[in-house]
Amino acid sequence: MGPHDVAFPDPSEIAPHAIAFARMMFAHAAFEREVRSLIDAINPKKPGFGERPENQWTASESGTGKIIILIKHHRGGGLPQIVQIKNLLNDAIHPCRDRNFLAQGTWCCFNRRTLTVEVRGGVRWGQPELPAENRAYTVSDILKLARKFKDIEAELYKIRRSLEPKMTEAEMRTASSFLRAS
């Protein structure tokens, strides 16, 4: 540890990091919820399809590939949104890995000069001979992850809405009068 590093900082010193972390975790949860909703929209005949464990995958190229296979199986290969979905899911891989590192790593010290929290990873799966990875995060770094999750979630929402059946005018009037009455 350097002269500006503190192993056990006062909680008020890292409060901005903790708040940014909470924002990032909520943004990630919303992103995951939107992925599940998109999977539901891909197969609307089975309610809760995206909530089933067998229809959930990690953020990885193989996970993206499985979702694309699912789309082609239930919607056919001609769906114009396939490339956009694939790109968005692939864009989420690195932010998801950073989120996992922040959530599962050990926040081991705070640098008062750089205002960074150093996070130490555990044993590297598949490569135990390598030393644990260390990364330093500023509040801005963590908030950028939150923004990335929100941006991807918003784009997935737009795609999902384009896949869902449109309400007829009669259905919209019924829904509108129901909302006014309640």
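Leu115 is partly exposed, with a relative accessible area of 48%, where partly exposed covers the range between buried, under 20% relative accessible area, and exposed, over 50% (1.4 Å probe, protein chains only). Leu115 sits in the loop between strand S2 (106-111) and strand S3 (116-120), and its phi is positive, at about 55°, although the residue is not a glycine. Most residues other than glycine have a negative phi.

The model is predicted, so that local features need pLDDT of at least 70 and side-chain atom pairs count only at pLDDT 80 or more, whereas totals for chains, interfaces and linings use all residues. Residues are numbered from 1 along each chain as its sequence is written, and side-chain values use heavy atoms, with hydrogens and water left out.

**Fold and overall dimensions**

- The protein chain has six helices and four strands, helices (H or I, at least four residues) and strands (E, at least two) being DSSP runs numbered from the N terminus.
- Read from the N terminus, the elements of the protein chain follow the order β-α-α-α-α-β-β-β-α-α.
- The radius of gyration of the protein chain is 21 Å, well over the 16 Å that the globule rule gives for 182 residues, so the chain is more spread out than a compact globule; the radius is taken over C-alpha atoms, and the rule is 2.2 Å times the number of residues to the power 0.38.
- Along its principal axes, the C-alpha trace of the protein chain spans about 70 × 45 × 25 Å.

**Sheet**

- The four strands form an open sheet in the order S1-S2-S3-S4, with antiparallel pairing, two strands being paired if DSSP finds at least two bridges between them.
- Strand S1 (5-6) and strand S4 (134-137) are the edge strands, each pairing on one side only.
- S1 and S2 run antiparallel and are joined by two bridges, and the bridge partner of Val6 in S2 is Phe110.

**Burial and contacts**

- Of the 182 residues of the protein chain, 32% count as buried.
- Thr64, in helix H2 (residues 61-75), is buried, with a relative accessible area of 4%.
- Not counting residues up to four places away in sequence, Thr64 touches Lys86, Leu89 and Asn90, a contact meaning heavy atoms within 4.5 Å.
- Among the contacts in the protein chain with a separation of 6 or more, 62% are between residues 24 or more positions apart.

**Surface**

- The protein chain exposes about 11400 Å², of which carbon and sulfur atoms supply 57%; the accessible areas come from the Shrake-Rupley method with a 1.4 Å probe.
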